[in-house]
Each structure stands twice: as C-alpha cells, then as structure tokens.
Amino acid sequence: MIWNKDIECIGRNEMAELQLKNLKKAVKRAYNNVPFYRKKFDKVGLKPADIKLLKDIEKIPFTTKDDLRDNYPYGLFAVPIKEIIRLHASSGTTGKPIVVGYTRQDMENWSECVARIIKAAGGCKDDIAQVVFGYGMFTGGFGLHYGLEKVGITVVPASSGNSKRQLMLMEDFGSTIIVGTPSYAVYLAELAEEMGLNSNKHKLRLGLFGGEGHTDELREEIEKRWGIQATENYGLSEIVGPGVAGECLCHTGMHINEDHFYPEIIDPETGKTKGYGERGELVLTTLTKEGIPMLRYRTKDITILDPEPCQCGRTNVRMKKILGRTDDMLIIRGVNVFPSQIESVLVGMEHIGPHYQILVRKKGYMDDIEVQVELVDGKMLEKFSELEKLEKGIKAELRTTLQIEAKVRLVEPKSLERSLGKAKRVIDLRDK
C-alpha cells in the first residue's frame with residue numbers, strides 16, 4: 001500500500017530536481033532568518049547562491065546537537081514564535097533540553113511523512129492503533145498520533161505505563177496496531193504471559209516500532225510473541241520526530257521521505273562524504289522545515305544508504321537498520337563494540353530472554369566488559385552443569401562476533417530493570 005505514489009515512486013532524476021529546488025529554498029531561509037547559520041556561512045565564505053548543485057551541499061558546515069543546546073530555546077528558529085503552533089523538547093536529563101518548533105505547514109508535512117510510513121507498514125482505515133509511546137514533550141507519541149489520524153485510523157492514545165490497563169484496553173477495544181518502543185512491546189508480551197492472558201483474544205496484527213534501534217532478531221522475537229508483523233520507523237526530534245523513514249513489509253530497509261529530508265553518509269572521523277553502499281554516519285538536511293531548518297545535521301547514527309528500487313514499488317532511497325551510534329560505540333581493548341552486535345547474538349538463543357545489560361569497567365589499565373543476561377527459567381540456576389554450558393556457549397558466540405573476550409553473567413528472570421520507553425542497555429562505570 002502506497003500513500004503518495006507521485007513522490008514515493010518518483011524517478012531518481014525527478015527526485016534530485018525536487019531536492020535541489022527545495023534545498024536552495026531551505027538554505028536561503030536559514031541564511032536570511034537564523035543568525036547562527038548566517039555566521040557559519042560567512043565564516044567559510046559561503047552564500048546561498050553558491051548552492052547550484054546537490055553536491056554543493058558538502059560546502060555547508062555541519063550542525064550538531066551542541067548547537068541546539070547552545071542556542072536554547074529559540075536561537076535556531078527561522079520564524080517568530082507567534083508562527084509556531086507546537087513546541088517539543090528532549091528530556092534534558094544532561095542539561096538544557098533540545099527545543100524544536102513547528103509551523104502549521106510543518107505540522108501538515110509531519111503528518112504526511114508519518115502517513116506514508118504507516119501505509120508502508122500495512123496500516124489502513126479499518127485499523128485501531130494503540131499508541132504506547134509516552135505523550136508530552138517527546139515527539140514520538142504525537143508524531144505517530146497525527147499520522148495515524150491522517151490515514152483515517154482510529155487512535156487509542158494510551159501513552160506509556162499502567163501496563164495491565166494497556167493490556168485490558170488492547171483486548172476490550174480490539175486494537176489491531178501497537179505503536180511504541182520495541183523494548184516496551186516485549187515487556188507487555190511478558191506481562192500478558194505472566195497474567196495468563198489468552199493470546200487468542202487480542203486482535204493485534206501490526207507493530208510500528210521506533211524510538212530506539214533494534215535488530216532483526218528482536219523484531220522476530222516480538223513477532224513470535226505477539227503473532228504480528230512488525231516494522232521499524234526512524235526519526236529524531238532535531239529533524240522532525242518520527243517520519244524521517246520507515247520500513248515496508250519487505251523488510252529491506254527504511255524508506256526515507258527524500259522530498260523532505262536529504263540524506264548523506266559521512267566518515268564520522270573525517271567528515272568526508274561517502275557513497276551509496278558504504279557504512280558511515282547519517283547526516284540529514286531538512287528541505288521543507290519552516291520553523292527550525294536543520295542543515296547537514298549529524299545524527300551520530302551509523303547506517304548504509306541503498307538507492308535501488310524496492311520490491312514494494314517505492315523508489316526512495318532506503319537506509320538500513322541503525323548499526324550503532326558513534327556516541328554509543330564502546331572501545332574495548334582497542335576494538336569497536338556496538339550494543340546491537342551483542343543483541344543480535346543474544347536474542348532468540350535458547351534458555352535466555354530478550355533482556356540484557358552491558359556493564360563496562362576498568363580493570364587495572366584494561367577495559368572489562370560484562371554482559372548480564374536473564375534466564376527464562378530461574379530453576380536453571382540450580383543446574384550448574386547446564387548453566388556452565390550455556391554460559392560458555394554465549395561467551396563463544398560473543399567472542400566470534402566482537403573479536404574480544406566478554407564476561408557473561410546469567411541472572412534470574414525479571415531481575416533486570418524494565419523500561420516503559422527507551423531501554424538503557426549500557427552502564428559505563430569506567431569513570432567511576
């Protein structure tokens with residue numbers, strides 16, 4: 001199912017023409033209305049008129065999350081606050097939050113982008129979608145909510161938390177789509193099993209998951225537990241929120257809404273642009289954003305871009321699942337380790353559940369990594385030989401994948417902290 005064939009199935013040359021046209025407008029808007037960008041351009045001797053080709057985007061300096069923090073709250077806005085009809089912000093747990101604003105046209109474009117993703121995932125007017133993302137300043141809940149309504153889907157704005165009530169509403173309302181983080185979907189499935197709820201009573205058929213990256217292995221685990229088809233969508237508040245990209249049911253990558261967001265891949269160390277098929281950091285430029293334009297925003301997400309048409313008929317560039325983040329990457333004894341590599345090993349293995357935690361410590365002058373994994377059955381803790389065999393098996397798989405030795409500790413079922421939003425997988429204790 002395709003929401004907007006004229007854009008989602010457009011030829012590559014036609015898309016490039018549209019992107020260049022919108023890029024020129026975006027650059028002028030940023031230069032003329034945002035002192036931050038005008039100063040950056042002037043520093044490198046760049047003028048909006050210098051952007052004549054799409055490749056000229058590489059002349060523009062990068063924007064980072066620190067730039068948004070340094071210009072808190074409205075320093076990067078391109079319009080007066082009276083033209084902003086919505087404000088969102090990050091949690092701000094490490095200082096001032098990231099603040100983003102939307103004009104009325106921004107809100108319309110946001111809903112359009114999310115509608116495309118929902119249709120790609122198989123959503124339709126007959127569905128009832130239960131949104132278990134938290135509502136509030138976080139963009140996830142509201143972003144999906146408005147897109148669902150645009151498609152004509154009935155929305156249950158349940159928000160996160162009160163999990164037993166979530167399951168009751170899911171059953172009583174006949175929800176057919178669950179929208180939230182994959183880790184919370186796993187928790188709800190566990191809780192349903194714990195409460196002895198009949199899996200045949202729910203009517204869920206689709207899952208739209210975002211807010212945190214997850215591996216194919218975790219997707220398959222969710223699909224098995226709920227008996228649904230699950231898709232991943234991608235976005236970040238600095239760019240728009242959810243709606244940047246989303247999977248279709250072919251599961252061959254997330255289709256980027258290229259008419260609104262121009263993607264690049266760069267080498268995270270040098271900043272040099274890389275080509276299609278090469279792994280690197282995703283950089284995004286908003287092409288139509290009025291409220292707070294973002295030029296060459298460094299997402300810190302590691303991925304690969306694929307320009308080939310998809311089996312579903314869409315021609316927009318696809319991004320692979322996030323392979324890691326430059327700020328989440330752990331350097332252990334000189335080796336780059338991503339939490340997603342560990343997840344791909346653990347999820348689906350016999351006798352262990354999908355919940356894990358990674359502890360990093362300093363042992364003398366060396367870094368030490370320990371992976372804590374929950375057992376499915378606590379009685380196994382009494383079977384030393386089986387426990388030792390399982391532990392050795394996990395260590396061997398991790399060694400093969402990570403190319404370093406990692407400690408493994410098997411813990412009791414439900415002993416690791418559960419999250420109602422994004423799961424916290426890594427605890428880095430090296431500074432302590």
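This is a short walk through a predicted model, starting with its sheet and moving on to its salt bridges.

Nine strands form it, and it is open, with the order 4-3-5-6-7-8-9-15-14 and mixed pairing. At its edges you will find strand 4 (154–156) and strand 14 (305–306), each of which pairs on one side only. Further in, strand 6 (residues 206–209) and strand 7 (residues 229–236) run parallel, and four bridges join them. To see one of the residues involved, look at Phe 209, whose bridge partner in strand 7 is Glu 232.

Helix 6 (residues 139–151) packs on it, touching strand 3 (128–131), strand 4, strand 5 (177–180), strand 6, strand 7 and strand 8 (241–247). The direction of helix 6 makes about 65 degrees with that of strand 8.

Next come the charged side chains. Side chains of opposite charge can pair when their charged atoms come close. A search of the whole structure turns up 27 salt bridges, and a few of them are worth a visit.

For a local example, go to helix 4 (residues 65–70), which holds both Asp 66 and Arg 69, three residues apart, or about one turn of the helix. These two form a salt bridge, with 3.5 Å between the closest N and O atoms.

Glu 264 and Arg 296 meet through their side chains in a salt bridge of 2.9 Å, N to O. This pair links distant parts of the chain, 32 residues apart: Glu 264 sits in strand 10 (residues 261–266), while Arg 296 is in the loop between strand 12 (280–286) and strand 13 (297–303). Both Glu 264 and Arg 296 are buried.

Another salt bridge connects Arg 409 and Glu 370, whose closest N and O atoms are 3.4 Å apart. Because Arg 409 belongs to strand 21 (residues 407–411) and Glu 370 to strand 20 (residues 366–375), the pair ties together parts that are 39 residues apart in sequence. Arg 409 counts as partly exposed, at 41% relative accessibility, whereas Glu 370, at 11%, counts as buried.

Our last stop is a group of residues.

Notes. Residues numbered from 1 in each chain as written. Predicted model: local features only at pLDDT ≥ 70, side-chain atom pairs only at ≥ 80, totals over all residues. Heavy atoms only, no water. Salt bridge = Lys/Arg side-chain N within 4 Å of Asp/Glu carboxyl O. Helix = DSSP H or I, 4+ residues; strand = E, 2+ residues; numbered from the N terminus. Buried < 20%, exposed > 50% of the residue type's maximum accessible area, 1.4 Å probe, protein only. Pairing = 2+ DSSP bridges. Contact = heavy atoms within 4.5 Å. Axes fitted to C-alpha atoms, helices over the stretch in contact; angles between N-to-C directions.
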